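User: I would like to go through the terms used for this model and see what each one rests on.

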Amino acid sequence: MPHDFFSTAQMFGHATLMLSMVTFSRKHDKQFKLCLTLQNLCYATHLFLMGNPAGMAGTLLSALRNLVSLRTRSMWAALVLVAANVMLGFWLVKAVWNILPLAATAIATVSMFRLSGLHLRYAMFACTLFWLINNLLTGSISGTIMESVVAVMSAITIYRLHQSEKKSPAAMDAT
């Protein structure tokens with residue numbers, strides 16, 4: 001049963017949780033994106049085993065996005081990935097809530113290629129909330145924990161960025 005804490009599906013979720021901790025500790029963008037790609041591949045396996053093909057597809061597209069963003073910041077590349085995301089949605093969405101991971105993937109894709117500073121943080125926070133709801137509905141134990149931790153970390157970072165902006169608007173340009 002996939003909801004059993006020690007099932008194969010949940011073990012991939014636990015591995016994803018551990019990989020996310022390693023990923024978000026990386027200081028260099030290239031290392032971050034490569035670790036995030038590995039995390040996404042593990043997460044996709046978890047979601048596949050949990051019976052969530054829309055979540056799996058969104059996560060696989062995220063892995064591809066990470067690799068493409070190592071080579072370019074082109075809006076065209078982002079739009080191709082978003083178009084692939086929409087096409088997958090037509091095939092994979094079986095319930096209204098299955099749209100959440102695909103919407104999160106589309107928003108994160110455009111955001112990673114085009115946004116910075118607080119705007120990027122807000123967009124990624126919204127994506128985190130979409131994934132959190134998806135994981136709750138999927139029954140992903142580690143995915144729910146992971147997205148909860150990321151949501152708290154993101155909220156703290158957004159607060160700190162707001163504080164920095166109040167002190168020095170120029171500080172926001174450095175982020």
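**Helix terms and their basis**

Analyst: In this predicted model, α3 and α4 count as roughly antiparallel to each other.

User: Why are α3 and α4 called roughly antiparallel?

Analyst: Their axes cross at roughly 170 degrees and come within 10 Å. Angles over 145 degrees count as roughly antiparallel, and therefore the term applies to α3 and α4. The crossing of α3 past α4 is right-handed.

User: Which residues make that contact?

Analyst: From α3 (residues 53–69) the contact uses Pro53, Ala54, Ala57, Leu61, Leu64, Arg65 and Val68. From α4 (residues 75–92) it uses Ala77, Leu81, Ala84, Asn85, Leu88 and Leu92.

User: How do you know that the span of α2 agrees with its number of residues?

Analyst: Helix α2 covers residues 29–49, which is 21 residues.

User: What makes Phe32 of α2 a buried residue?

Analyst: Buried means under 20% relative accessible area, and Phe32 is listed as buried, as are Leu36, Tyr43 and Leu47, among others. The buried residues of α2 pack against α1, α3, α6 and α7.

User: What is found at the start of α7?

Analyst: A side-chain oxygen of Ser140 comes to within 3.0 Å of the backbone nitrogen of Gly143. The cut-off for a polar contact is 3.5 Å, and the Ser140 to Gly143 distance falls inside it. Gly143 is also among the buried residues of α7.

Notes
Residues numbered from 1 in each chain as written. Predicted model: local features only at pLDDT ≥ 70, side-chain atom pairs only at ≥ 80, totals over all residues. Heavy atoms only, no water. Helix = DSSP H or I, 4+ residues; strand = E, 2+ residues; numbered from the N terminus. Expected span 1.5 Å × (residues − 1). Buried < 20%, exposed > 50% of the residue type's maximum accessible area, 1.4 Å probe, protein only. Contact = heavy atoms within 4.5 Å. Polar contact = N/O pair within 3.5 Å; in protein donor to acceptor, adjacent residues only side chain to side chain. Axes fitted to C-alpha atoms, helices over the stretch in contact; angles between N-to-C directions. Parallel < 35°, antiparallel > 145°, perpendicular 65-115°, else oblique. Left-handed = near helix turned anticlockwise from the far one by under 90°.
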